[in-house]
Amino acid sequence: MVLPIVTPAPVVAFHAEAFRDLFDNQCEFRHFQNYLTGLMVLENTSMANISNCILTSADKTNLSRFFSEAPWHEQETNDRRIRYMLDQTAPHRRPAKESSLILDDTLCEHVGSLFEYVDRHYDHCDHSYPLAHNLVSSFYLSGAVRFPVDARLYRRYEEITQWPAFVQKHFPDRAIPKEKKPRQRLHKEVDPTLLKDPEFELLHEQFKTKISLAQEMIQGAIEHDIPFKTVLMDSWYLSEDLVKTLADRGKDWVSLLKKNRKVESHSFTLRDAQGHAIPFSKPHVKVEDLVPLIPKCSYKKVTISEQHYWCFTLTVRIPSLGKVRLVISYDNSDLEGTYAILISNRTDGSAKKMITAYLQRWPIETFYQDSKGQLGLDAYRMRTSEAIKKHWCLVFVAYSLLHLDCLPASPVRGKAKRTCRPIKTIGEACRQQGEAVIEALILYSHDLLQRGQSAAEVFAMLFAKQRKGLATS
């Protein structure tokens, strides 16, 4: 369904003035409001469709220039959004010690290779390599308050350095294998030579791992005075460099651990069902080899929000990570099937505290789902990375403003407890904004009819742009 839009969505109109000075003129500011409204209320969130649905927009090229030529900057807009969200959510946030920063990434898949920096990235969900942009982001959670903080575009080493082309330049007779391990062996063999090429070395220096991007976003959150104590992440981000960054900044962390990670066997004592210490012949043991040695009687039942877990906890040392608290958790008393391994730098943490903390990571997953399903995070058709980053920035703004609408009325200090969840979903907020836009359209049409225009004339005017688009397609 095509929905003519005659006025910005109410949530946009209410909050947009906080961003007004970031735009050079009223026209740019109107594009800003229109695009946010289109993201929120339209099923098809492409730039062309948003432009067609905005009654006051003359041509889709106007909106296109807003992304490609208008002198507004996504970083400045994002900084303003963060400050505004911190101000608006102050009555709802929990103390910093109860608040978290979450790190994760997602793929924005595409068909075709005309998008700048698009590449094939590994999708761990189905073990495929779709053509996509890989968006690394940080997300803030404090009770009912939850919003994205920052984002970075991850570019693979081979894409950013144009590695295959340089291999062909310096080793024209070498075939580049497609399999991962043979390709890694070729890297070790040829990269020392490639780094002697000044052009390749310059590109090499531009590469940033996901870990380094995550470190940048942690530092950015601190510089924005975002009050959090704990960082939540999956095993992909668990590295010596990131752990050191968090230690230097006095932050705690909870992460998943890969089952093949090794622990130092001399750093703990594991006892069998009879209470005898289990000896280890090697200085290191994989966690997956440790689990079968743990007697069932050592697992304790932990209940969190009516969900039961059977957990074993141990303080160990892991090479490169140091002393950590380990939790092995099953979801059944028979200790069958898959199990999760959590670790934290808080060696005094209980299984319940660690699991409760890590469960707070889920909102970043729902953020990705809502942003893709409701707000078009991956539905862009811009070609340049600059325009794409501006699109992501405005999706973050749209999500944040909708989230403000999902929070309950400000609690009265000392009389009401801060809630731990929003009172409605982003999808519900989008539908309410869409209903308000339809109501505005009805009132607008009624006003035209009252002024003497016929129903046919009003209808033709409202859908003229869509008809023109169909005629030229």
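Author: Contact here means heavy atoms within 4.5 Å. The model is predicted.

Reader: Which residues is Asn34 in contact with, leaving aside its neighbours within four places in sequence?

Author: Start with the place of Asn34, which is in helix H2. Neighbours within four places in sequence are left aside. The contacts are then Ile50, Ile54 and Thr56.

Reader: Is Asn34 buried or exposed?

Author: Buried means under 20% relative accessible area. Asn34 has a relative accessible area of 8%. Asn34 is therefore buried.

Reader: How are H7 and H8 arranged relative to each other?

Author: H7 covers residues 163-170 and H8 covers residues 180-194. Their axes come within 11 Å and cross at roughly 65 degrees. Angles of 65 to 115 degrees count as roughly perpendicular. H7 and H8 are therefore roughly perpendicular.

Reader: In which hand does H7 pass H8, and which residues of H7 and H8 make the contact?

Author: The crossing is left-handed. On the H8 side, the contact is made by Arg183, Leu186, His187, Val190, Asp191 and Leu194. On the H7 side, it is made by Trp163, Pro164, Phe166, Val167 and His170.

Reader: How do the residues of the contact of H7 with H8 divide into nonpolar, polar and charged?

Author: Both helices contribute residues to this contact. They divide into seven nonpolar, two polar and two charged.

Reader: How many aromatic pairs does the structure hold, and what is the pair of Phe19 and Phe32: stacked, tilted or edge-to-face?

Author: The structure holds 29 aromatic pairs. In the pair of Phe19 and Phe32, the ring centres are 5.4 Å apart. The planes stand at 45 degrees, so the pair is tilted.

Reader: Where do Phe19 and Phe32 lie?

Author: The two are 13 residues apart, and the pair links distant parts of the chain. Phe19 is buried at 1% relative accessibility, and Phe32 is buried at 0%. Phe19 lies in the loop between helix H1 and helix H2, and Phe32 in helix H2.

Reader: What kind of aromatic pair do Phe367 and Tyr399 form?

Author: Their centres are 4.8 Å apart. The planes make 85 degrees, and planes over 60 degrees apart count as edge-to-face. The pair is edge-to-face.

Reader: Which helices hold Phe367 and Tyr399?

Author: Phe367 is buried at 1% relative accessibility, and Tyr399 is buried at 4%. The pair ties together parts that are 32 residues apart in sequence. Phe367 lies in helix H14 and Tyr399 in helix H15.

Definitions and conventions. Residues are numbered from 1 along each chain as its sequence is written. This is a predicted model: local features need pLDDT of at least 70, side-chain atom pairs count only at pLDDT 80 or more; totals for chains, interfaces and linings use all residues. Side-chain values use heavy atoms; hydrogens and water are left out. Axes are lines fitted to C-alpha atoms, for helices over the stretch in contact, and angles run from 0 to 180 degrees between N-to-C directions. Helices (H or I, at least four residues) and strands (E, at least two) are DSSP runs, numbered from the N terminus. Angles under 35 degrees count as roughly parallel, over 145 as roughly antiparallel, 65 to 115 as roughly perpendicular and the rest as oblique. A crossing is left-handed if the near helix is turned anticlockwise from the far one by less than a right angle, and right-handed if clockwise. Ala, Val, Leu, Ile, Met, Phe, Trp, Tyr, Cys and Pro count as nonpolar, Asp, Glu, Lys and Arg as charged, and the others, Gly among them, as polar. Rings of Phe, Tyr and Trp (its six-membered ring) pair if their centres lie within 6.5 Å; planes under 30 degrees apart count as stacked, over 60 as edge-to-face and the rest as tilted. Buried means under 20% relative accessible area, exposed over 50%, partly exposed in between (1.4 Å probe, protein chains only).
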